[in-house]
Amino acid sequence: MIVVAGEALIDLVPQGAGALAGLRPTLGGGPYNTAVALGRLGSPTAFCSRASRDAFGEALLAGLRDSGVDVSAVQRGTEPTTLAVATLDGNGSAAYSFYVDGTADRLFTAPAALPAGTRAVSFGTCSLILEPGASAYEELMRTAAARGLFTALDPNIRAGLIPDADAYRARFKSWLPSVSLLKLSEEDAAWLGGTPREWLSAGPSAVVITQGGDGLTAFTQGGAVYSVPGERVEVVDTIGAGDTVNAALLHGLSVRDALSPAGLADLGADGWEQLLRFAARAAAITCSRAGAESPYASELAGFPDPSDPS
């Protein structure tokens, strides 16, 4: 079981140009998208969050169930669902404005236990910014790491939500001893400062940096660096692409039985290249359609299987 911990929200995506363009509600949130993508790829997945009992909250849970995701660890509340208003640039890249005051997901409390069979826990995005929930997710991260579980972190920076950038950067560094796999975009890396080698020295077994259409690069504790190019597609938008990468990496590691520091160390050049190519292909499919519509396993049929070590 892979548990994804973090927010579920509604993305309001513009259907045209200009500030008054019509907005289409879509299911979203970085952790939510990661959980859905994992479920679609076929990994046993559970979502750990707090969701509203309003209509949006019900739709979010239905979307998880439709993708085969276990929602038994989702807390519920009467508070409204968080809204994120997207703005797309000419390349389909999204920027967001958030409506988060008093919403359900930021009132998350750390659970006493994770679902049975949990092997890995994934964290990231707004859930690690907005208090009081951020401290609860941080507690869960540290607890999971202390139990020897594999932990993944995608900061997925939303600078408009961060009141004190330096304080957040310091907090990010404090998480690294509890992180097995750090994945972030090159934009996030630039905002956070530091280098993959500095981050690796603080704890993670591997760092993966996404570079948009230019591909992905993995840095490992052993000093090796592995890169693959991006898959060329006609981009509709990039919403959910990084979340799909998260899911593809975790899925690929799971089917290889490599959700551990030792497993990451044993991947080698061929294993890393195959894993990164699989993630790049999955993200490209997401970019080829509107919203965070990650691929199903059947859409990657014929693509090199990350579980095949040959």
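Trainee: Ser127, buried or exposed?

Mentor: Ser127 is buried, as its relative accessible area is 5% (buried is under 20%, exposed over 50%, partly exposed in between, with a 1.4 Å probe and protein chains only). This is a predicted model, where local features need pLDDT of at least 70, side-chain atom pairs count only at pLDDT 80 or more, and totals for chains, interfaces and linings use all residues. Residues are numbered from 1 along each chain as its sequence is written, and side-chain values use heavy atoms, without hydrogens and water.

Trainee: Where is Ser127 found?

Mentor: In the loop that runs between strand S9 (120-124) and helix H3 (133-146). Helices (H or I, at least four residues) and strands (E, at least two) are DSSP runs numbered from the N terminus.

Trainee: And what does Ser127 touch?

Mentor: Leaving out residues up to four places away in sequence, Ser127 touches Ala5, Gly6, Glu7, Pro31, Gly133, Ala134 and Tyr137 (contact means heavy atoms within 4.5 Å).

Trainee: New topic. At what angle do H1 and H7 pack?

Mentor: About 45°, with 8 Å between the axes of H1 (residues 30-41) and H7 (residues 241-255). H1 and H7 are therefore oblique (under 35 degrees is roughly parallel, over 145 roughly antiparallel, 65 to 115 roughly perpendicular, the rest oblique). The axes are lines fitted to C-alpha atoms over the stretch in contact, and angles run from 0 to 180 degrees between N-to-C directions.

Trainee: Which residues make the contact?

Mentor: Gly30, Asn33, Thr34, Ala37, Leu38 and Leu41 of H1 meet Asp243, Thr244, Asn246, Ala247, Ala248, Leu250 and His251 of H7.

Trainee: Where is Val235?

Mentor: Val235 lies in the loop between strand S14 (225-228) and H7. With a relative accessible area of 39%, Val235 is partly exposed.

Trainee: What separates the C-alpha atoms of Val235 and Ser260?

Mentor: 34 Å, with the two residues 25 residues apart along the chain.
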